[in-house]
Amino acid sequence: MADPASHYQNPDRNLALELVRATEAAAIRAVPFIGRGDKNGADGAAVNAMRTFLATVDFAGVIVIGEGEKDRAPMLFNGEQVGTGNGPATDIAVDPIDGTSLTAAGRQNAISMIAAADRGSMLDAHSVFYMEKIVTGPEGVGVVDIRRPVGENIRALAKAKGKDVGEMLIGVLDRPRHEQLIADIRAAGAGTRLLLDGDVAGGINAASYEGRLDMCVGIGGSPEGVATACAIKALGGLIQTRLAPKTDEERQKGLDAGLKFDHVYEADELVTSDNTFFVATGVTDGMLVRGVQRKGPVIRTESIVLRSRSGTIRRITADHLVSKWLD
């Protein structure tokens, strides 16, 4: 007979379905700010909604990776305890809106997301804000390596997928720091899909069997990297990262925190647990999920729920009465 105490040591299968309520709430509360130019207002509304709903979930969650610190935006802070305190002890990575600038501008691919895993299993990389990443689907495992030139990786992955290099689509954040990377991708013969923001959605799209991207590469947020790893472990894909400090001071903070530089972090180092959850709800329409839609008296949300232990991918569409939320 299974030890009943094990329920309190590992997140159970219902946890993700509870966490979806928090991402749905955050996405809905951000709706009045879409296209209004106020990214902090959108983030603040999403943070408050997510915090309120997390407080009702039966688990003992600790936010290992919160968002907002790097741009002084509203935030669920690192070390904050969430949940009722009853139930599984859990590490949490949150981003009430991954893509606040996208939301403020009314652009695509903004999501609200939460990743969860057993307590003590997530890499706490908050002292270094950015990391270099490469993400692919299962075909990239044992084939792609972040230490190799991007062109070589593209050719190897194309061969593994049975595709011509010219058919390959590579997601990259559209940033000045990626100018040479973008040039190298195109020189290899592949096409780019430049992401204005939101490399979590880009990474999951690249790892998904029905995604349009074949690979997602470049330097993005460390919090997003760890959260993405929770999803990739459910999809059976590949994620590799290297920390990318911007200053010597930041590098020293990372060293003091026990982080390793010039080291490739694989999925099992980013999240050591084999029982991870990832949930995301669309704020605006995007490649991963559709955004919040108002349909007469209801608000419709679309969410994705991934769990590594069971290898399940669920898509959840929910209708919420407008009168309970926005009027």
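The crossing of helices α6 and α7 is right-handed, a term that applies when the near helix is turned clockwise from the far one by less than a right angle, anticlockwise being left-handed. This is a predicted model, in which local features need pLDDT of at least 70, side-chain atom pairs count only at pLDDT 80 or more, and totals for chains, interfaces and linings use all residues. Residues are numbered from 1 along each chain as its sequence is written, and side-chain values use heavy atoms, with hydrogens and water left out.

The axes of α6 (residues 199-207) and α7 (residues 222-235) come within 9 Å and cross at roughly 20°, and the two helices are therefore roughly parallel to each other, a label for angles under 35 degrees. The residues that make the contact (heavy atoms within 4.5 Å) are listed here.

| Helix | Residues in the contact |
|---|---|
| α6 | Asp-199, Val-200, Gly-203, Ile-204, Ala-207 |
| α7 | Glu-224, Thr-228, Ala-231, Ile-232, Leu-235 |

These residues divide into six nonpolar, two polar and two charged.

The protein as a whole has nine helices and 14 strands, where helices are DSSP runs (H or I) of at least four residues and strands (E) of at least two. Its radius of gyration, taken over C-alpha atoms, is 19 Å, close to the 20 Å that the globule rule gives for 327 residues, so the protein is as compact as a globular protein of that length; the rule is 2.2 Å times the number of residues to the power 0.38. Of the 327 residues, 55% count as buried, meaning under 20% relative accessible area with a 1.4 Å probe.

Key
Axes are lines fitted to C-alpha atoms, for helices over the stretch in contact, and angles run from 0 to 180 degrees between N-to-C directions. Angles under 35 degrees count as roughly parallel, over 145 as roughly antiparallel, 65 to 115 as roughly perpendicular and the rest as oblique. Ala, Val, Leu, Ile, Met, Phe, Trp, Tyr, Cys and Pro count as nonpolar, Asp, Glu, Lys and Arg as charged, and the others, Gly among them, as polar. Buried means under 20% relative accessible area, exposed over 50%, partly exposed in between (1.4 Å probe, protein chains only).
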